[in-house]
Every structure is written in structure tokens, then in C-alpha cells.
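Please review the following briefing on a single protein chain. It covers the fold, the sheet and selected side chains in turn.

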Amino acid sequence: MSDFERDVAHCINAFLDAHQIRGFAYRLKQSKFNTQYVDLLVDSLDPRYYLAIECKSIRGKKLYFSQHFHEDRNNIHQVDAITEFLEKTGRRGILAVEFRSGPGRPKEAYFLPWDKVRQKYGRQPGISIEEFRDGVLLSRCSDRYVLDRLYPKDFDAASPTSGEL
């Protein structure tokens with residue numbers, strides 16, 4: 001498991017605990033012969049926190065759909081596979097991205113609702129750090145990420161849709 005995935009799981013669990021929300025974030029064991037649709041799952045009886053999270057830790061200031069996502073052996077793009085997984089399971093989707101700028105420079109991490117990722121996929125080559133800044137910032141405190149809220153301010157988390165944010 002990457003450090004970023006572990007950090008996001010800890011960050012979400014701390015957020016749930018701090019807000020007294022019943023739920024738990026975890027990573028399923030990766031296996032060579034089993035499909036892993038997303039990196040993290042969050043289980044909760046509250047549909048706002050029944051989540052699937054894809055994590056990316058990248059160098060640079062832009063996430064590219066062709067470079068940072070893969071196609072499976074059936075040539076199905078990862079964005080399409082995750083979207084189908086969300087639709088089948090009823091989970092809400094989040095893309096978590098950590099932008100690494102190199103030694104001595106601070107990392108930046110953001111959550112972006114999956115419906116925003118889907119809107120951009122196929123219409124543009126990627127998503128810039130500026131676009132991620134419209135999402136939710138994971139602020140740094142010492143060596144940990146801290147989450148103040150789970151959804152962007154312009155998102156109505158009280159009305160779940162079938163598998164999308």
C-alpha cells in the first residue's frame with residue numbers, strides 16, 4: 001500500500017471519529033489475480049459516507065487520464081471501470097490526489113467528487129491542480145493529512161445519487 005493511500009485512510013478515519021460518524025475506511029488486500037476497482041473503501045450506514053476512493057500520488061501540477069490511469073486487459077479504461085463499480089455498488093466516488101513538487105517543497109492533496117472527474121474525462125486530457133483546488137483540501141498537520149470536510153461547499157451531500165457524488 002502506498003503511503004498516500006495509508007494517509008488518506010487514517011485521515012478519513014480521524015474525520016469520522018472527530019465527527020462521531022459511524023464508519024470505517026480501509027484498503028482491501030491487493031492480489032495479482034483479482035481486480036481492484038479502487039484503492040480505499042469506506043463503509044458506513046450513512047449513505048453520505050458509503051464511499052469508494054481512488055488515490056493518485058503524482059509529480060507535477062496536472063493529472064492526465066492517459067498517463068495516471070490505466071486500461072485493464074480488456075482495454076477498459078480505469079475511469080470507466082470505477083464508474084461502473086460505483087453504479088453497481090451504490091457507493092459515492094472520490095478521487096484523492098497528492099501533488100508532489102519535489103524535495104523541500106510541500107505536498108498538496110485534494111478530494112474531487114467522482115462526478116466531476118467523469119465530466120472532465122473524454123473532454124480534456126487531464127485535471128490541473130487549479131481545478132482540484134475547487135475540491136476539498138487535505139491540509140497538513142505535522143506529517144499527517146487533516147480533513148475539515150468531506151465534500152466541496154457547492155455539493156449537496158444530503159442527497160445521494162446512484163453511485164455518484
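**Overview**

The chain contains five helices and nine strands, where helices (H or I, at least four residues) and strands (E, at least two) are DSSP runs numbered from the N terminus. This is a predicted model, in which local features need pLDDT of at least 70 and side-chain atom pairs count only at pLDDT 80 or more, whereas totals for chains, interfaces and linings use all residues. Residues are numbered from 1 along each chain as its sequence is written, and side-chain values use heavy atoms, with hydrogens and water left out.

**Confidence**

- The mean pLDDT (the predictor's confidence in each residue, from 0 to 100) is 88 for the chain, and 90% of its residues reach 70 or more.
- Over residues 159-165 the pLDDT stays under 50; the model has 22 contacts for this stretch beyond four places in sequence, a contact being heavy atoms within 4.5 Å.

**Chain totals**

- In sequence order, the elements follow the pattern α-β-β-β-β-α-α-β-β-α-β-α-β-β.
- Of the 165 residues, 45% count as buried; buried means under 20% relative accessible area, exposed over 50%, and partly exposed in between (1.4 Å probe, protein chains only).
- The accessible surface of the chain is about 9500 Å², and carbon and sulfur atoms account for 47% of it; such areas come from the Shrake-Rupley method with a 1.4 Å probe, and for residues only the protein chains shown count as cover.
- Among contacts between residues at least 6 apart in sequence, 59% join residues at least 24 apart.

**Sheet and packed helices**

- Seven strands form an open sheet in the order 1-2-3-5-6-8-9, with mixed pairing; two strands pair if DSSP finds at least two bridges between them.
- Strand 1 (24-26) and strand 9 (144-147) are the edge strands, each pairing on one side only.
- From one strand to the next, the twist averages 25°, with axes taken as lines fitted to C-alpha atoms (for helices over the stretch in contact) and angles running from 0 to 180 degrees between N-to-C directions.
- Strand 8 (residues 136-141) and strand 9 run antiparallel and are joined by four bridges; Ser-139 stands opposite Val-146 in strand 9.
- Helix 1 (residues 3-18) packs on the sheet, where it touches strands including strand 1, strand 2 (40-43) and strand 3 (51-59), and its direction makes about 40° with that of strand 9.
- Helix 3 (residues 78-89) lies across strand 2, strand 3 and strand 5, and runs at about 160° to strand 3.

**Glu-108**

- Glu-108 is located in strand 6 and counts as partly exposed, at 22% relative accessibility.
- Not counting residues up to four places away in sequence, Glu-108 touches Val-97, Glu-98, Phe-99, Ile-129 and Arg-133.

- Arg-27 lies in the loop between strand 1 and strand 2 and counts as buried because its relative accessibility is 17%.
- The side chains of Arg-27 and Glu-5 are joined by a polar contact of 2.5 Å, and a polar atom of the Arg-27 side chain lies 3.5 Å from the backbone oxygen of Asp-39.
- Tyr-151, in the segment after strand 9, is buried, with a relative accessible area of 8%.

How values were computed
Polar contact = N/O pair within 3.5 Å; in protein donor to acceptor, adjacent residues only side chain to side chain.
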